[in-house]
2 protein chains.
Amino acid sequence: MRYHKIPDETVRRLPVYLRGAIHLSQQGVEHVSSAHLAGLLGVKPWQIRKDFSYFGDFGTPGVGYPLESLIKQINKILRLDSGPRAVLVGVGNLGSALLAFPGFRMYGFEIAAAFDTDKRKIGRTKSGVPIEDVAQLRRIRRRRIGLGIIAVPEAAAQETAATLVEAGIKGILNFSPCYIAVPKRVKVITIDIAMDLARLPYYMPSS
Amino acid sequence: MRYHKIPDETVRRLPVYLRGAIHLSQQGVEHVSSAHLAGLLGVKPWQIRKDFSYFGDFGTPGVGYPLESLIKQINKILRLDSGPRAVLVGVGNLGSALLAFPGFRMYGFEIAAAFDTDKRKIGRTKSGVPIEDVAQLRRIRRRRIGLGIIAVPEAAAQETAATLVEAGIKGILNFSPCYIAVPKRVKVITIDIAMDLARLPYYMPSS
DNA sequence: GTTTGTGAATAGTTTCACAGCA
DNA sequence: TGCTGTGAAACTATTCACAAAC
């Protein structure tokens, strides 16, 4: 194996592989072949082999990939092994759903804090996380939180992002349906739910 | 302009352009240049020009693109002009947030029906949509609904998808963190929120 | 002067086919 | 025999640069 930069598309698939690997591992399986994993996840076997080849040969011909190493390796590459902590801003419908969402834990995430503007919510607890006043948001700098999740109305998204950046946040998951400008050192991933739904009819036969 | 198949990546960006165009149009603007739109949406001007070139020259050199035609054109390509109707399955935390979500309307969508298994929810109304018994789900065939939104627990996702397909659904937006197998004629887009969050640390400097 | 539309160049990704290892 | 790892080929997408249009 030689040095390779891992392609972005491969990085995008790593969490998929991780999910599959964890799933199998929990069932007591110890090795998995690219063909088996591919069937489980709806991808192609050669895609998996190529992707895995970017970060080391730990597969065994005739046997497959050892799940334990695979999980450890992907966690390490994605830097999930440090137990990343996230702050949620906006505890409305969507924010509440995110707080209750069980899926983050699989990847080692913790939503360590939640903020809102609504005086009636501040001081209360949702899914075990106390809701704090958004006016105090910039103080999270001291709390070793690297990720921000924006679930505020569109009009407040850019300002929220700016405050998060100021507070030392390095990565933002943005649920507002808009582009937010941040310094280049900060990575933003925007999930616009309506936008994904909007491309569905294009791919549908007739109507 | 010559015939071109529209690349998938372009299709993925069309809703972004549509959002920007609608935004400007609501402000009374009539024409927009690729540079202006690009600045607004965080993409590159030449990317916009190339993308638009796949579906006809309606831009005017020195002036830009007429917003009204642009909106009409994108709506037509994405087949949003027929007012697509969606059915939501699973009215939990996430499902409720989706029902309350204002963003769908911008793209001409309507969530026309909602289903759940919980007897306490069935018969009630959420965000104006009555919640029906999931046992009746396959009857939606008669109601001219083309899209399905799956917001049920992972364990029920595959079965829900199968029922939707049986009921004549042609496209599925899946929020369960798993691959769901469907016939090739049905398009599935999976949004795994945790998975998107999981790739964020990879792109963050240090930690 | 400004801005589009697009061929050509570059970059990135997927697919294939098969040598080589267990 | 079964499966990995990978070079090469095929394909897809992005970026550039500039002629033509207003």
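Helix α7 (residues 154-166) of chain A lies across strands β3, β7 and β8 (171-174) of chain A and runs at about 170 degrees to β7(A). Contact here means heavy atoms within 4.5 Å; axes are lines fitted to C-alpha atoms, for helices over the stretch in contact, with angles from 0 to 180 degrees between N-to-C directions. Helices (H or I, at least four residues) and strands (E, at least two) are DSSP runs, numbered from the N terminus.

This is a predicted model, in which local features need pLDDT of at least 70 and side-chain atom pairs count only at pLDDT 80 or more, while totals for chains, interfaces and linings use all residues. Residues are numbered from 1 along each chain as its sequence is written, chains are lettered from A and ligands numbered from 1 in the order in which they are written, and side-chain values use heavy atoms, without hydrogens and water.

In chain A, seven strands form an open sheet of mixed pairing, ordered β5-β6-β4-β3-β7-β8-β9. Strands β5 (125-126) and β9 (187-190) of chain A are at the edges with a single partner strand each, so one side of each has no neighbour in the sheet. Two strands pair if DSSP finds at least two bridges between them.

| Strand | Partner strand | Bridges and direction |
|---|---|---|
| β3(A), residues 85-89 | β7(A), residues 147-150 | four, parallel |
| β3(B), residues 85-89 | β4(B), residues 110-116 | five, parallel |
| β3(B), residues 85-89 | β7(B), residues 147-150 | four, parallel |

A:Val89 has A:Ile150 of β7(A) as its bridge partner. B:Leu88 is partnered by B:Ala114 in β4(B) and stands opposite B:Ile149 in β7(B). Four of the five residues of β3(B) are buried (under 20% relative accessible area, 1.4 Å probe, protein chains only; exposed is over 50%, partly exposed in between).
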